[in-house]
Amino acid sequence: MPFVPHTGEQAEEMLDRMGLARLRDLYDEVPDSLLRDEPPSIFPGLDEAGVTRIARERAGNNTPLLCFAGGGAYEHHIPAAIWDIASRGEFYSNYTPYQAEAAQGSLQLTYEYQTMIAGLTGMDVANASLYDGATAFAEACLMAVRCNRKSDARRIAVARSLHPAWRAVARTLLNGQGIELVEAPLDDSGRADFNYVYENVGGGFDAIAVAAPNYLGGMPDLEAWRALADREGALLVVGINPVSLGLLRPPGEFGADIVCGEGQPLGIPMSGGGPFLGLLACKAQYIRQMPGRLAGRTVDAAGDTAYVLTLQAREQHIRRSRATSNICTNQGLMVVAATLYMALLGGEGMRRVASACHARTAQLVEALTAIGGVRRAFDAPFFHEDVLCLDRPVAPVLAALAEQGILGGVDISSEYPELGNALLVCATEMRTEDDIICYARALREIVAPRQRAARNRRATSARRTKHEPDDSGQTT
């Protein structure tokens, strides 16, 4: 029997009252192969020194791959000072700031983070963070429906070029609340074709959601989407990569109503997929519909600066039916890292990182598309990711690259079957010219055998044709 905080007699009494004979009767149709009457045998535990020795041995066998993959998690340089500071006890193990008077340091840092995110995105206000980019997008969609009181459509048009995981999480959350998510397919440039939506579904949307840059690396025309949103009476939700805003105009300057994004590029290691950091910012008029925490600055009775949690429209503080979200916390430690990253780099540092990312990716794309059988999927501007089409399935190519110590990108063929053998590649400021040359050389060696075989087949066919007799019996 699995552990429960009751005695055997108490468990039997509860089962008897429910009319059940045994605990497993609480579960529906569990295969017998998954059930155990006895706990599994577990090998004897090791002491701390033994575990440490094994961990070091296994870590020593790890060979980091040269990373050219992106798709939502990016390898950026993280200055050593960031996690040296973030790992201090007052940040690393600080308790959630319910009592403002005892958590002034945490609240001040959260306030500074919000100020930086608002400035970076060009928006009026940002919250204290959400769990990750996907949940931030889902919450942004829910927020847009609440804010757009003029509409009763309960529909959101979302670009197919937006991150597949973001769309999946949003669909899961929205379906339960009767909100329809309508996808706009890709056009020839890799951007969202909202005209297709209007022709086949019709208008009437609470919001239009795009990303800049999008999952495929491309840059949508935000001015055009703002005009489209105005025409439809919809809010404009824009997903971002915060690093790109060191180089690009912020979405707030294009009239975005709500901005969301993944904050992992701001000083947070990839860590096998988390924890990450969800960004959310909006116009001031929508602040009361913003989910999660919001730190504010005020003055105390003595006139000194003080920090508080304000506009707490969470289920812990108001009637559950009126709560904007069931999110009950924020990514406090990741917020510390992101705040330190933005503060240490400053505006000029962010611009240099973004410029280097774009330049490295341009070099990468140029080098790879010089190889036969490799071409760009779209002839459109990109930031630091781009989609390449191969003349063969992507998975075996990536496996062959991994054998040479290269993480060659993300196979998006299953997510975007309309693109064929599609490979999403990325280069951040961490990649050097030698890294790019190494990748191009390895890819050329992998695709060359098939190309040589194809050339040989063509040459053989040409020779046969040359020596075949014509109608007169003469060879040509």
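Which residues point one way from β3 and which the other way? In this predicted model, local features need pLDDT of at least 70 and side-chain atom pairs count only at pLDDT 80 or more, while totals for chains, interfaces and linings use all residues. Residues are numbered from 1 along each chain as its sequence is written, and side-chain values use heavy atoms, without hydrogens and water.

Arg155, Ala157 and Ala159 point one way from β3, whereas Ile156 and Val158 point the other way. Side chains alternate between the two faces of the sheet in a regular strand. Five of the five residues of strand β3 (residues 155-159) are buried, so β3 is largely enclosed by the rest of the structure; buried means under 20% relative accessible area, with a 1.4 Å probe and protein chains only. Strands (E, at least two residues) and helices (H or I, at least four) are DSSP runs, numbered from the N terminus.

β3 pairs with strand β4 (residues 180-184) in the parallel sense over five bridges, and Arg155 stands opposite Glu180 in β4. Two strands pair if DSSP finds at least two bridges between them. The open sheet has seven strands in the order β2-β8-β7-β6-β5-β3-β4, with mixed pairing. Its edge strands, β2 (125-126) and β4, each pair on one side only. β2 and strand β8 (residues 278-282) pair in the antiparallel sense over two bridges, and the bridge partner of Val125 in β8 is Cys282.

Helix α6 (residues 133-147) packs on the sheet, touching β3, β5, β6, β7 and β8. Contact means heavy atoms within 4.5 Å.

Note on methods:
Buried < 20%, exposed > 50% of the residue type's maximum accessible area, 1.4 Å probe, protein only. Axes fitted to C-alpha atoms, helices over the stretch in contact; angles between N-to-C directions.
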